[in-house]
Amino acid sequence: MLRKRTICATVVLVSAALTTAAVPAVAGQPTAARATACPTGWGSLPKAGSDSTATPVRDVRTGRHTCYDRMVVDLPGAPRDGIGYSVRYVDRLHQDGSGRHIPVSGGAVLEVRVAAPAYAPETGEPTYPARAGHPLSGVDLTGYRTFRDARFAGSFEGETQIGLGTRARLPFRVLRLDGHLVIDVAHDWTGGR
């Protein structure tokens with residue numbers, strides 16, 4: 001009987017030692033990175049909002065995010081409800097007024113129209129330093145997953161036109177905020193990271 005107790009005690013101690021030794025090894029192993037769920041359902045059909053503002057465009061900037069690339073058109077002082085826009089994919093970007101083709105690099109071209117001038121309505125002086133057909137001033141798209149090119153098409157009769165080259169025809173959304181028009185273009189259709 002003494003021998004059975006010794007064997008049982010030995011098995012219990014060995015089991016406890018193995019269990020204790022195994023815990024740090026499991027805890028120290030890296031865990032699988034969790035995938036970020038990205039928004040889906042934006043679609044790629046045209047989006048528009050009526051209204052217009054005399055508040056001029058002051059800046060256009062871009063940013064990279066986990067699920068999408070973002071373009072922001074700054075209209076300081078313009079109320080959210082007063083910002084009109086039209087955003088849609090086009091086969092080719094044509095400048096308002098002249099109809100001149102403006103080449104935009106990428107697999108698809110998103111035409112962004114903001115119902116606001118890029119000049120002071122009273123004087124005609126430019127409020128955003130850009131030239132038609134040229135890349136947007138201060139925008140560097142190096143390292144972006146979705147954006148490939150951003151071109152200023154012009155500002156004609158109170159409307160500013162921009163061509164945004166994207167990797168492909170991808171889902172996008174448009175947000176109106178006080179003083180800003182925001183365009184987000186998803187990295188893919190699946191909603192994965």
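Here is a short exchange about the predicted model shown above.

Biologist: Where is confidence lowest, and where is it highest?

Modeller: The protein averages a pLDDT of 85, and 80% of the residues score at least 70. Over residues 8-33 pLDDT stays under 50, and the model has 0 contacts there beyond four places in sequence. The lowest mean, 44, belongs to helix α1 (residues 2-28), and the highest, 98, to strand β4 (residues 85-90).

Biologist: How many residues of strand β7 are buried?

Modeller: Buried means under 20% relative accessible area. Ala108, Leu110, Val112 and Val114 point one way from β7, and Val109, Glu111 and Arg113 point the other way. Both sets are buried. Strand β7 (residues 108-114) is largely enclosed by the rest of the structure, because the buried count is 7 of 7.

Biologist: What separation do the C-alpha atoms of Gly158 and Val114 have?

Modeller: Gly158 lies in the loop between β8 (147-156) and β9. Leaving aside neighbours within four places in sequence, Gly158 is in contact with Val114, Ala115, Ala116, Pro117 and Tyr119. Gly158 and Val114 are 44 residues apart along the chain, and their C-alpha atoms are separated by 8.8 Å.

Biologist: Is Gly158 buried, partly exposed or exposed?

Modeller: Buried needs under 20% relative accessible area, and exposed needs over 50%. The value for Gly158 is 23%, so this residue is partly exposed.

Biologist: How are the rings of Tyr144 and Phe147 arranged: stacked, tilted or edge-to-face?

Modeller: The whole structure holds 4 aromatic pairs. In the pair of Tyr144 and Phe147, the ring centres are 5.9 Å apart and the planes are at 10°. Planes under 30 degrees apart count as stacked. The pair is therefore stacked.

Biologist: What is the relative accessibility of Phe147?

Modeller: Tyr144 counts as buried, at 11% relative accessibility. Phe147 also counts as buried, and its value is 1%.

Biologist: Over the ring of which residue does the charged end of Arg173 sit?

Modeller: The charged end of Lys47 sits over the ring of Phe172, 3.9 Å from its centre. For Arg173, the charged end is 5.3 Å from the ring centre, and the ring belongs to Tyr68.

Definitions and conventions
Residues are numbered from 1 along each chain as its sequence is written. This is a predicted model: local features need pLDDT of at least 70, side-chain atom pairs count only at pLDDT 80 or more; totals for chains, interfaces and linings use all residues. Side-chain values use heavy atoms; hydrogens and water are left out. pLDDT is the predictor's confidence in each residue, from 0 to 100. Helices (H or I, at least four residues) and strands (E, at least two) are DSSP runs, numbered from the N terminus. Contact means heavy atoms within 4.5 Å. Buried means under 20% relative accessible area, exposed over 50%, partly exposed in between (1.4 Å probe, protein chains only). Rings of Phe, Tyr and Trp (its six-membered ring) pair if their centres lie within 6.5 Å; planes under 30 degrees apart count as stacked, over 60 as edge-to-face and the rest as tilted. A charge sits over a ring if NZ of Lys or CZ of Arg is within 6 Å of the ring centre and within 35 degrees of the ring normal.
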